Amino acid sequence: MSLEVYKVLHLLGIMLLFASLGGMAILGLRGGDDREVKPIRKLVMSSHGIAMLVIFVAGFGLMARLGMMGAGSWPTWIFIKLGLWLLLGAGIVLVRRTPEMGRVWLFLLPLVGAAAAWVAFTHPPI
């Protein structure tokens with residue numbers, strides 16, 4: 001696949017990730033009978049998992065297209081991005097276990113995403 005296809009897939013995964021995190025936060029704030037919420041929660045959780053997989057695969061596809069998968073070590077910013085990816089992956093558990101903090105998660109998790117975008121655009125030499 002071309003570099004552009006990997007970029008679009010990566011961005012699609014990111015959009016789906018934040019849609020699922022926002023959906024889970026709103027679902028937690030809404031509350032409700034578990035029988036009523038369970039099918040929606042299942043859909044949101046599965047979309048989060050699919051998003052994480054798409055981001056991961058497309059990210060490594062981008063690295064391969066950019067020639068970063070060869071011998072030698074990866075730049076530090078790649079490890080930072082992987083750490084932020086893991087944090088956003090764990091974000092769904094945080095949102096699920098603390099639904100009363102839904103308002104906080106709606107603003108805090110996008111800040112983690114903004115940090116990941118900053119690292120991707122600037123490639124800080126840390």
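A nonpolar core is a set of buried Ala, Val, Leu, Ile, Met, Phe, Trp, Tyr and Cys residues joined through side-chain atoms within 4.5 Å. In this predicted model, the largest such core has 18 residues, and helix H1 (3–30), helix H2 (34–65), H3 and H4 each supply at least two residues of it. The points below treat the cores, the aromatic residues, the surface patch and a few individual positions.

**Nonpolar cores**

- Within the largest core, the residues with the most contacts inside it are Leu 17, Leu 21, Met 24, Leu 88, Ile 92, Val 95 and Leu 109.
- Val 95, not counting residues up to four places away in sequence, touches Leu 21, Met 24, Ala 25, Trp 105 and Leu 109.
- Another core, of 5 residues, lies apart from the largest one, and among its members are Phe 60, Met 63, Ile 78 and Val 119.

**Aromatic residues**

- Phe 56, Phe 60, Trp 74, Phe 79 and Trp 85 form one aromatic cluster, and the count of aromatic pairs in the model comes to 4.

**Surface patch**

- Met 101, Val 104, Leu 108 and Leu 111 form a nonpolar patch on the surface, and together they have about 340 Å² of accessible area.
- Met 101 is found in the loop between helix H3 (76–97) and helix H4 (102–122), and this residue counts as partly exposed because its relative accessibility is 32%, which falls between the limits of 20% for buried and 50% for exposed.

**Individual positions on the helices**

- Ser 20, in helix H1, counts as buried because its relative accessible area is 3%, and, leaving aside residues up to four places away in sequence, Ser 20 touches Val 44, Ser 47, His 48 and Ile 92.
- Pro 39, in helix H2, counts as exposed because its relative accessibility is 54%, and although Pro 39 and Leu 21 are 18 residues apart in sequence, their C-alpha atoms are 16 Å apart in space.
- Ile 80 lies in helix H3 and is partly exposed, with a relative accessible area of 26%.
- Ile 80 touches Val 119 and Ile 126, not counting residues up to four places away in sequence, while the C-alpha atoms of Ile 80 and Ala 115, which are 35 residues apart along the chain, are separated by 9.6 Å.

Key. Residues numbered from 1 in each chain as written. Predicted model: local features only at pLDDT ≥ 70, side-chain atom pairs only at ≥ 80, totals over all residues. Heavy atoms only, no water. Patch = residues over 30% accessible without salt bridge, like charges linked within 9 Å, V, L, I, M, F, W, Y side chains within 5 Å. Areas by Shrake-Rupley, 256 points an atom, 1.4 Å probe, with all protein chains shown as cover. Salt bridge = Lys/Arg side-chain N within 4 Å of Asp/Glu carboxyl O. Helix = DSSP H or I, 4+ residues; strand = E, 2+ residues; numbered from the N terminus. Buried < 20%, exposed > 50% of the residue type's maximum accessible area, 1.4 Å probe, protein only. Phe/Tyr/Trp six-rings, centres within 6.5 Å; stacked < 30°, edge-to-face > 60°. Contact = heavy atoms within 4.5 Å.
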